[in-house]
Amino acid sequence: MLSGRRLDLLDPSPLDVEIEDIAHGLARVARWNGQTSGANIFSVAQHSLLVEKISRRTHPDLDARWRLCVLLHDAPEYVIGDMISPFKAVLGGDYKAVEARLLSAICVRFSLPVGWPDQLLKIVKAADRASAYFEATRLAGFAEEEAKAFFGRPARLDAGVEKDYLTPWEAETAKARFLKRFEELAP
């Protein structure tokens, strides 16, 4: 990692996890395998911020600790990248096991529970699917009906939020905004 840490993918230690490495990596990992419109990639860091923003809108009473979990829901991708869902399904259990070990180490590092409550998992999944719908229709060339079939139709986003969060940012902007939100939420 840029921090100088050496992260063992098969046995990741929380001591080797740094938020700067996560933010840096996620800001440079493209969603949709880079197949999005715009001058910049739509990064996993930006997606994570959008998912957390949507969860705030749908669950305004969610406390900061659970919001931090939402923000970090795709954090393992700073090391393993963002694979499209159909390819993850082909890879099966091995990929999911590596991803789960990384997320566990990340949770321990930031004093979050390793096992998230079912209600939080549902919130993350719903916000993630809503984000995917908006990304698909605004950035990845999906028709509304096609995206609705895959992701369902989420509630509308405020026009300002949509313009801001669905215009791909430069990597340094995504990294800075991710770090800023992490600092706002971290205990």
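Which residues have the most contacts inside the largest nonpolar core? The views below start there. This is a predicted model, where local features need pLDDT of at least 70, side-chain atom pairs count only at pLDDT 80 or more, and totals for chains, interfaces and linings use all residues. Residues are numbered from 1 along each chain as its sequence is written, and side-chain values use heavy atoms, with hydrogens and water left out.

**View A. The largest nonpolar core has 57 residues.** Val17, Ile19, Ile22, Leu72, Ile106, Phe110 and Phe178 have the most contacts inside this core. A nonpolar core here is a set of buried Ala, Val, Leu, Ile, Met, Phe, Trp, Tyr and Cys residues joined through side-chain atoms within 4.5 Å. Buried means under 20% relative accessible area, exposed over 50%, and partly exposed in between (1.4 Å probe, protein chains only). Elements giving two or more residues to the core include α1 (19–26), α2 (44–58), α6, α7 and α10; helices are DSSP runs of H or I, at least four residues, numbered from the N terminus. Helix α7 gives the most, with eight residues. Zoom in on Ile106 and you'll find it touching Val17, Ile22, Leu72, Ala75, Pro76 and Tyr78, leaving aside residues up to four places away in sequence; contact means heavy atoms within 4.5 Å.

View B. The whole structure has eight aromatic pairs, meaning rings of Phe, Tyr and Trp (its six-membered ring) with centres within 6.5 Å; planes under 30 degrees apart are stacked, over 60 edge-to-face, and the rest tilted. Trp32, Phe142, Phe150 and Phe151 form one aromatic cluster.

**View C. Arg31 and Glu135 form a salt bridge, with closest N and O atoms 2.8 Å apart.** There are 15 salt bridges in the structure, each a side-chain nitrogen of Lys or Arg within 4 Å of a carboxyl oxygen of Asp or Glu. Arg31 sits in the loop between α1 and α2 and Glu135 in helix α7, 104 residues apart. Both Arg31 and Glu135 are buried.

**View D. Arg138 bridges to Glu162 at 2.6 Å between the closest N and O atoms.** Here helix α7 (Arg138) is linked to helix α9 (Glu162), 24 residues apart. Arg138 counts as partly exposed because its relative accessibility is 28%. Glu144, Glu145, Lys148 and Arg153 join Arg138 and Glu162 in a network of salt bridges.

**View E. Lys175 is buried yet has no salt bridge.** This lysine is found in helix α10 (residues 171–185). The nearest side chain of opposite charge, Glu172, is 4.6 Å away; Lys and Arg count as positive and Asp and Glu as negative, while His and the chain ends are not counted. Ignoring residues up to four places away in sequence, Lys175 touches Glu20, Ala23, His24, Ala27 and Arg28.
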